[in-house]
Amino acid sequence: MLKQLDQVKREKDVLSRKISEEEENNKNNLKKRLEGLLQEKAALERQLEHEQAFIRTRLTKQLQEATAKKDALRKKMEEEKKAKAELSHKIEEEQKQLKLMLQEKLEQVRKEKSEIEFQKEQEMELVINHLAVVLGRLVNEKK
C-alpha cells in the first residue's frame with residue numbers, strides 16, 4: 001500500500017510538473033500572443049494616424065481651394081457690380097448731356113424758325129409794299 005501511495009505520489013508529482021510546465025507554456029504562449037497583438041495594435045494606430053493626417057491634409061487643401069475660389073468669385077462679382085454701377089452712372093451722365101444738347105438744339109431750331117418766319121414776314125411786307133407801289137403806279141397811269 002505504501003508502494004502504491006509512493007507510486008500515486010510520484011505520479012502526482014509528475015502530473016503536477018506537467019501541469020506546471022503546461023501552465024508555463026500556456027502563459028508564455030499567451031504573452032507572445034499578447035505582444036503580437038500589441039504590436040499589431042500599435043501598427044494599426046500608426047496607420048490610422050497616417051490616414052487621418054492624409055485625410056486632414058487633403059480636406060484642408062480642398063477647403064483652401066474652395067475658399068480661394070469663393071473669394072475669387074466674390075471679388076469678380078464685386079468688380080462686375082462696380083463696373084455695372086460705373087457704366088450706369090456713365091449712361092446717366094451721357095443721357096443728361098444728350099438731353100441738354102437736344103434742348104439746346106431745339107431752342108436753336110426754334111430761334112432759327114422764328115428768325116426765318118420774321119424774315120419771311122419782312123419779305124412779304126416788302127413784296128406787298130412793292131406790289132402796292134406798282135399797283136399805285138398802274139392806277140395813276142390809267143387815270
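E45 is partly exposed, with a relative accessible area of 40%, where buried stands for under 20% relative accessible area, exposed for over 50% and partly exposed for what lies in between (1.4 Å probe, protein chains only). This is a predicted model, in which local features need pLDDT of at least 70 and side-chain atom pairs count only at pLDDT 80 or more, while totals for chains, interfaces and linings use all residues. Residues are numbered from 1 along each chain as its sequence is written, and side-chain values use heavy atoms, with hydrogens and water left out. E45 takes part in a salt bridge with K41, and both residues belong to helix α1, which spans residues 2-142; helices (H or I, at least four residues) and strands (E, at least two) are DSSP runs, numbered from the N terminus.

**Salt bridges**

- Two salt bridges come out of a search of the whole structure, the term standing for a side-chain nitrogen of Lys or Arg within 4 Å of a carboxyl oxygen of Asp or Glu.
- Side chains of opposite charge can pair when their charged atoms come close.
- Between K41 and E45 the N to O distance is 3.9 Å, and the two residues are four apart in helix α1, about one turn of the helix.
- E93 counts as partly exposed at 30% relative accessibility, and K96 counts as partly exposed at 49%.

**Surface patches and charges**

- Patches are made of residues with over 30% relative accessible area and no salt bridge, like charges being joined within 9 Å and nonpolar side chains (Val, Leu, Ile, Met, Phe, Trp, Tyr) within 5 Å.
- A nonpolar patch on the surface consists of F54, I55 and L59, which together have about 290 Å² of accessible area, and F54 is placed in helix α1.
- Accessible areas come from the Shrake-Rupley method with a 1.4 Å probe, and for residues only the protein chains shown count as cover.
- E21, E22, E23 and E24 form a negative surface patch; of these residues, E21 is found in helix α1 and counts as exposed at 51% relative accessibility.
- The protein chain has 34 positive and 30 negative charges, whose mean positions are 5 Å apart.
- Lys and Arg count as positive and Asp and Glu as negative, with His and the chain ends not counted, and the place of a charge is taken as NZ of Lys, CZ of Arg, CG of Asp or CD of Glu.

**Overall form of the chain**

- The secondary structure of the protein chain comes to one helix and zero strands.
- With a radius of gyration of 60 Å, well over the 15 Å that the globule rule gives for 143 residues, the protein chain is more spread out than a compact globule; the radius is taken over C-alpha atoms, and the rule is 2.2 Å times the number of residues to the power 0.38.
- Along the principal axes, the C-alpha atoms of the protein chain fill a box of roughly 205 × 20 × 10 Å.
- Of the 143 residues, 0% count as buried, and the accessible surface comes to about 14,500 Å², of which 58% belongs to carbon and sulfur atoms.

**Distances along the helix**

- A72 lies in helix α1 and is partly exposed at a relative accessible area of 46%; its C-alpha atom is separated by 97 Å from that of V139, 67 residues apart along the chain.
- K84, also placed in helix α1, counts as exposed at 64% relative accessibility, and K84 and R56, 28 residues apart in sequence, are 41 Å apart in space, C-alpha to C-alpha.
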